[in-house]
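These are my notes from a first look through one model. I went from the backbone to the ligand and then to the charged pairs.

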Amino acid sequence: MAQPADALPSNSRYQFPKGFLWGAATAAHQIEGSPMADGAGPSIWTRFAHTPGMTLNGDNGDIACDHYRRWQDDVKLMRDLGLQAYRFSVSWSRILPEGTGRVNQAGLDFYSRLVDALLENGIEPLLTLYHWDLPAALDDRGGWLNRDCADWFAEYGRVLYRALDGRVKKWVTLNEPWVITDGGYLHGALAPGHRSRYEAPIASHNLMRAHGAAVQAYRAEGKHEIGLVVNIEPKYPASESEADAAATRRAHAYMNEQYLHPALLGRYPPELKEVFGDAWPDFDPEDFKLIVQPLDFVGINYYTRSVTQANDSYPLKAGAVRQPLATYSETGWEVFPQGLTDLLLWFKNTYGDLPVYITENGAAFFDPPVAENGHVCDPLRINYLHKHLRAIHDAIDAGVDIRGYMVWSLLDNLEWSLGYSKRFGIVHVNYGTQERTPKDSALWYSQVIGSHGRKL
Ligand SMILES: N=[N+]=NCCCCNC(=O)[C@@H]1[C@H]2[C@H](O)[C@@H](O)[C@H](O)[C@@H](CO)[C@@H]12
């Protein structure tokens with residue numbers, strides 16, 4: 001592995017708290033490949049990506065990073081990088097090919113072996129139950145639109161809790177319910193590709209019911225920690241106008257409060273009824289007794305901010321304004337580290353002192369190919385991570401209880417409908433040969449971890 005050209009200077013100003021966990025994150029469908037191996041059932045992403053026109057270039061997860069077969073080398077790679085934790089997700093349809101009922105022991109064994117290898121290498125597993133890959137068999141029964149999904153999800157959680165709890169001590173129920181519903185049910189860009197303002201709130205609500213049911217099931221037999229992961233993004237009004245202020249309030253409620261409010265406060269923000277109009281159901285207040293469950297932590301995925309103005313978009317009537325002097329990543333997201341500090345302070349002030357992990361943070365930039373000297377030079381990513389880690393430290397200084405950081409992502413991987421066109425990894429993947437090459441950002445991150453942040 002290429003060595004960093006220069007050892008970074010130490011700066012104790014940025015030393016992170018004792019026990020702060022440094023890691024990286026991935027998701028099953030984005031890296032594993034072999035989606036139907038060893039008795040696994042199809043997921044909605046297996047189906048969606050094989051539907052013509054749904055993904056860029058028809059890219060799919062049939063091979064991805066071939067992690068299902070290369071997991072041992074990938075764990076060694078994590079060890080060599082000095083990772084203390086690894087956030088990954090389990091493919092539900094490997095465990096329960098029909099979504100409920102029959103357990104596929106080979107699928108369970110894969111994750112059990114992965115967890116053991118992580119622990120043997122001093123790496124703490126953070127396990128996400130659901131990172132968007134619903135069993136196709138459950139989608140055929142209505143998926144997240146069927147209120148039974150809460151029982152299905154709790155059943156799936158129990159299978160994993162019984163098999164892995166104790167070795168896994170940090171559990172996550174859902175990854176980013178906002179993207180699941182905004183992408184999968186409102187705008188249709190993600191599986192299962194629905195486009196309905198009537199379905200989106202129902203899917204959102206059922207996802208939160210399922211989250212509550214999985215936490216309740218964990219409390220009945222789990223002995224460690226469980227939380228929820230949300231993608232949230234600070235919204236700043238584009239002008240002083242009341243129209244832009246109102247649009248910003250709607251956008252904030254829609255992305256940032258729509259899931260945290262029900263999970264932590266037992267209610268929805270009032271703006272959502274305005275956003276969805278007649279499509280906003282009259283939810284049964286009893287549902288919140290299931291949705292609100294005590295959590296041990298919240299995971300926050302942060303990528304960017306949004307300067308927001310009123311527009312005629314559907315159904316939000318709000319949209320982002322491009323910032324002429326800003327830097328943007330390859331996904332068109334503004335690089336804005338201050339937004340992470342602002343967001344973390346908002347979280348603390350709104351929801352209290354619940355422990356927080358930054359469960360995803362990173363960016364896709366155009367990376368050069370592997371150079372003759374074995375380096376992948378990605379200074380923009382180093383700059384992005386450097387500034388966001390400092391922003392996190394500023395929030396810690398301001399009293400936010402942040403327990404760890406998982407860079408998105410360990411590996412270049414399948415960026416959902418964008419296929420393999422966007423590279424978020426700190427490790428380059430040659431999809432032709434499956435060769436892994438730590439980028440300069442990985443070598444830099446190793447030094448940051450080794451110094452516990454002092455080299456920021
Ligand atoms: N405007 N704007 N806003 C940005 C909205 C970001 C929403 N997308 C995410 O958070 C996904 C999360 C996902 O877990 C992972 O599976 C994805 O690979 C990454 C990268 O896309 C991120």
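I began with alanine 64, which I found in the loop between helix H2 (44–49) and helix H3 (67–81). I looked up its phi and got a value near 50°, positive although the residue is not a glycine. I note here that the model is a predicted one.

Next I went through the peptide bonds. I found a cis bond joining tyrosine 314 and proline 315, with omega about -10°. I placed proline 315 in the loop between strand E8 (306–310) and strand E9 (318–320). I then came to the bond from tryptophan 408 to serine 409, which is also cis. Its omega is near 10°. I located serine 409 in the loop between strand E11 (402–408) and strand E12 (427–430).

I turned to the ligand. Which residues are closest to the ligand? I listed Gln30, Glu176, Glu233, Glu360 and Glu415 as the closest, out of 16 residues that surround it. I sorted that shell by residue class and got 7 nonpolar, 5 polar and 4 charged residues.

I then looked up distances from ligand atoms to side chains. For glutamate 176, I read 2.8 Å between an N or O atom of its side chain and an oxygen atom of the ligand. For glutamate 233, the ligand atom is a nitrogen, and the distance to an N or O atom of the side chain is 2.7 Å. For glutamate 415, an oxygen atom of the ligand is 2.6 Å from an N or O atom in the side chain. I compared the ligand site with the pockets, and the space the ligand takes is the largest pocket.

Last, I looked at charged pairs. Side chains of opposite charge can pair when their charged atoms come close. I took 4 Å as the cut-off between a side-chain nitrogen of Lys or Arg and a carboxyl oxygen of Asp or Glu. With this rule I have a count of 29 salt bridges. One of them is formed by arginine 147 and aspartate 287, whose closest N and O atoms are 2.9 Å apart. I looked up where the two partners lie: arginine 147 is in the loop between helix H6 (136–139) and helix H7 (149–164), and aspartate 287 is in helix H13 (residues 287–291), so this pair ties together parts that are 140 residues apart in sequence.

Methods: Residues are numbered from 1 along each chain as its sequence is written. This is a predicted model: local features need pLDDT of at least 70, side-chain atom pairs count only at pLDDT 80 or more; totals for chains, interfaces and linings use all residues. Side-chain values use heavy atoms; hydrogens and water are left out. A residue is near a molecule or strand if one of its heavy atoms lies within 4 Å of it. A polar contact is a pair of N or O atoms within 3.5 Å; within protein, one must be able to donate a hydrogen and the other to accept it, and residues adjacent in sequence count only if both atoms are side-chain atoms. On a 1 Å grid over the protein atoms alone, a cavity is a set of points where a 1.4 Å probe fits but cannot get out, and a pocket is an open set with protein on both sides within 12 Å along at least five of seven lines; lining residues have an atom within 4 Å of a point. A molecule sits in a cavity or pocket if more than half of its atoms lie within 2 Å of its grid points. Ala, Val, Leu, Ile, Met, Phe, Trp, Tyr, Cys and Pro count as nonpolar, Asp, Glu, Lys and Arg as charged, and the others, Gly among them, as polar. Helices (H or I, at least four residues) and strands (E, at least two) are DSSP runs, numbered from the N terminus.
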